[in-house]
Amino acid sequence: MRLHAAGHTSTVGEPRQQAVLAVLLLEPGHTVAIDTLVDRVWGEFPPRQARRSLQAHIARIRRVLEDAEPGGARLTRDAGGYRLDIRPDQVDVFRFRSTLHEGADRVALRAGLDLWDGEPLAGLRGDWVERIRRTLRQEHVSAVVAWAAAEIDAGDAAATITRLTDVADEHPLDETVAATLVRALYTVGRGADALACYDRIRRALRDELGADPGPALSSMHEAVLRHDLPSPARPPPPVPAQLPADVTAFTGRAGELDELARVASAAGREPVVVCLTGTAGAGKTATAVHWGHRVRDRFPDGQLYLDLRGYDPEQPVPPEDALAAFLTALLPSGTEIPLGEAERAARFRTEVTGRRMLVVLDNAATVDQVRPLLPGTPTCVVVVTSRDSLGGLVALHGAHRVAVGQLPGADAVALLRRLAGERVDAEPEAAAALADRCVRLPLTLRLAAELAVSRPATPLSRLVDELRADQRTLDLLSGGDDQRAAVRSVFSWSLRQLSADATRAFTALGRHPAPTFDAYVLAALADCPLDRARTVLDSLVRAHLVQPAGSDRYGMHDLLKAYAAESGEAGDAHAALDRVYGYYLATVAAAMDLLYPGEAHRRPRVGTAAGPVPELAGTDDARDWLDAELPTLEVLAAGAAAHGRPEHAVVLSALLFRHLDGIHDTVALAIHGHGRAAARATGDRAAEANALNALGGAHLQAGRSEAAMADMWAAFELFGELGDLLGQARALCNVGMVEERAGRYRVAGRVFARAVARCEEAGDVYVQAHVLTRLGTTEARVGDVDAGREHLRHALDLHRRAGHRFGEAWSMVGLGEIAAEEGRFADAVDLHTEAADLFGVLGHRDSEAWAVDGVGRAETLLGRPADAVRHHQLALDLFHRHGDRDGETWSRNGLGEAHHAAGNAAAARANHAEALTLATRTGALEQEARAHRGLARTGSGDSARHHLDRAVAIYDGLGLPDAGRLRAEPAGPG
């Protein structure tokens, strides 16, 4: 919730000014002493110039209030302080609070809740603010419960579930909220969800507080149990199973496994964190994974695993990326993942609360890398592997350390026996000596066993002599660093058994910046033909120097990778990386040219790869390759930006723009963020502007309109400084799309018209065609159908002449909307279907969802609600998968209208209620009005009238023709 003074506080933009105004708004009509203002705004230790700054902020606030409403709110100076004369009903906080004193009137309560806009006093800090914020949060919870209870009593439980779920997520230990949510779920027939909700809060209370559920929750549980209710409409939360495959021939570690079991037995009573620490190659990961497979039945809610790459010299996984990976596994497809590390950590802890899960954090380097990933719930067990002792984790988080060192002599020989066979028993003394020479580490023992198997006629004693000679040499060269020299000697010994090509390939792989690779990458690194790369990869797999990591993909133990990097010729490293980046850039460019040929002239030109590249036969191959390589491309962009190749990060961002437009926003934000950072580092302002424009698009897709606007206007300003009219047109088009998604079509139309003028001045028809598509669509939505049709047809012609199928499909979507508006419903179905097919060929699934949703709307108007439901549901699933919040709102409203046409009022209400919550959250005003309209049609009495009035008011405010039509509609079923 933000503080508004007569609706104009948004123009007070500087945070300190907002804080000053917040203090005054919460004391309307009362003089606030200057010292009190300084204390509340700047905290305990204000700067020396605080009073002077306060005077400047007061002057600015006065001007804003006078400009907003002359003769309205007044800010005056009194003896010793300042007084803001404003009616309490002009301040959202007091309007919100007043609803709490109007009894259980659900219309008034809902009106008050509509004023709640996210975090109370957003952007303000300080002890005073925190006290006010805590009070407001609790009042909000009470208001939600009171409103939900009234709605349930009135027969509209479906409208409460989304809001109750959000509040329950924020307050997981509040019995009253949980009980009300259980009641709502039960009322709409979602008994299994009700039971799951009950069980979750009961576990949380028992495990975290040691308390039994209170009477309100217990009685609700009994009510649910008395009824035979249908299965839930929503799927259960995902159950991740991410443990890697168990290690073959795992041997020994009985003591470590027993200690893991003993420590983990405390799960359920207290949070359990175990640190497996030890030297590289000791088998820490193998021990953790092996134990995880043994006890996985104890973790029915899932097992999470992540290699943090803590000792990767290029890119250890930062906590925010690790949290994004975990949340992607835990949340239903398409669920929004917060942006900041703190927000992601909080959401992660919320998701795992009460769930019995195993979390394996492999290869951690520091406590700081691990701390944000700790669930904090006693039902989870966390196993961390690290070469570091992680003393801070033990001291501050109560972690139990389990040392994983050398294998005992008997276990080391037993591992050799399992891998090398009977020869070990035939030469027991030599086997023991070989184990000692391998420092009794599982990694080196496996390599030694493979060498023994590859030389069946050579006695083990002779192999030991060879290894002893190598180790003496390395001891001298390394100054006697015994264990490291011993490990290196085994690696060196392994390489001596390889062909020259395989040895060269092994050392080349040490230079690859990403954790996985395929034969094409090896061909680029080693500068060899593809067939030879495949052959040597097979030999490296047989030698256990690399391991399979998926279909035609491979990985390498980080200790081996480090050895490979130091074993190669230093002068080759730069050239090898040049070839790798050249390979990826060339293949990305080829894939994008197949998918989006009409935009080829806008993408940067890249050179031909020095080595082989995959043959991409068509759009399916191109799309599949890009999707499979996105994780690697993200790592490459980060590495390029941070390690002296910024131009590659810039080019990757620009090349991938269209492919990233419509996939999950975290990937797009990462790659474009690296592109922007690289552009700024090199002073490439044009590239920075392009990256900002792309970042704005990613924010827009996720429903973060303020962040989108900030990036897009920043891009516009940069393009202006560069004299780039076409860049300005593109940025303006994106700004217009933010306004369009909010439903402010008239404002959007004016912005699009400005963009068209810049395109004409720049002489570019391609961007002009895209802007004309959006302009025509918005014109039609405000009732100017003839102008909209003319612009859309012109855009379609331009797109077709340029071979730009993506733009062509979007023009069809706009023309389909016009056909539906004119009553040509069959034409609308055909146009949207053709557009959906084109988007499908391109693999642009988010755009396909918009076309499919249009088919659904036309099907409803044709009188085929069952077909409409099917199309809207498909669109909703696609929007979910790609995190398009605005699209979800449209498809939810579409489902509501289709269900209403089919006579299913309960389902219609539930979908419109979901749409209303989404639209309110993302600021999609027109869809908010559409949801109110649907709730008015399916409601009754005061509730229906309230929703109808809200819809008319919003349509009126947007200047849309729907307002006039709606005034003639009755409130309630009709």
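Helices (H or I, at least four residues) and strands (E, at least two) are DSSP runs, numbered from the N terminus, and two strands pair if DSSP finds at least two bridges between them. The model is a predicted one, in which local features need pLDDT of at least 70 and side-chain atom pairs count only at pLDDT 80 or more, while totals for chains, interfaces and linings use all residues. Residues are numbered from 1 along each chain as its sequence is written, and side-chain values use heavy atoms, with hydrogens and water left out.

**Antiparallel strands**

Strand S3 (residues 81-85) pairs with strand S1 (residues 31-33) in the antiparallel sense over three bridges, and within this pairing Thr-31 stands opposite Arg-83 of S3. S3 also runs antiparallel to strand S2 (residues 74-78), to which five bridges join it; here Arg-77 faces Tyr-82 of S3.

**The parallel sheet**

Five strands form an open sheet with parallel pairing, in the order S5-S6-S7-S4-S8. Strand S5 (303-307) and strand S8 (400-403) stand at its edges, each with a single partner strand, so one side of each has no neighbour in the sheet. Neighbouring strands are turned against each other by 15° on average, direction ignored; axes are lines fitted to C-alpha atoms, for helices over the stretch in contact, and angles run from 0 to 180 degrees between N-to-C directions.

S5 and S6 pair in the parallel sense over five bridges, with Leu-358 in S6 as the bridge partner of Gln-303. Although S5 stands at an edge, four of its five residues are buried (under 20% relative accessible area, with exposed over 50% and partly exposed in between, for a 1.4 Å probe and protein chains only), so S5 is largely enclosed by the rest of the structure. Five bridges likewise join strand S6 (residues 357-362) to strand S7 (residues 380-386), and these strands run parallel; Val-359 has Val-382 in S7 as its bridge partner.

Helix H12 (residues 284-294) lies across strand S4 (272-277), S5, S6 and S7, and runs at about 160° to S7, where contact means heavy atoms within 4.5 Å. Helix H13 (residues 319-330) also packs on the sheet, touching S5 and S6, and its direction makes about 150° with that of S5.

**Two helix pairs**

Two packed helices are described by the angle between their axes and the distance between the axes.

| Helix pair | Angle | Axis distance |
|---|---|---|
| H35 (residues 745-762) and H36 (residues 765-781) | about 155° | 9 Å |
| H42 (residues 885-901) and H43 (residues 905-922) | about 160° | 8 Å |

For H42 and H43, the angle of about 160° makes H42 roughly antiparallel to H43. H42 passes H43 in a left-handed crossing, and the contact includes Arg-892 and Leu-895 of H42 together with Asn-911 and Leu-918 of H43. The residues of this contact divide into six nonpolar, eight polar and five charged.

How values were computed: Angles under 35 degrees count as roughly parallel, over 145 as roughly antiparallel, 65 to 115 as roughly perpendicular and the rest as oblique. A crossing is left-handed if the near helix is turned anticlockwise from the far one by less than a right angle, and right-handed if clockwise. Ala, Val, Leu, Ile, Met, Phe, Trp, Tyr, Cys and Pro count as nonpolar, Asp, Glu, Lys and Arg as charged, and the others, Gly among them, as polar.
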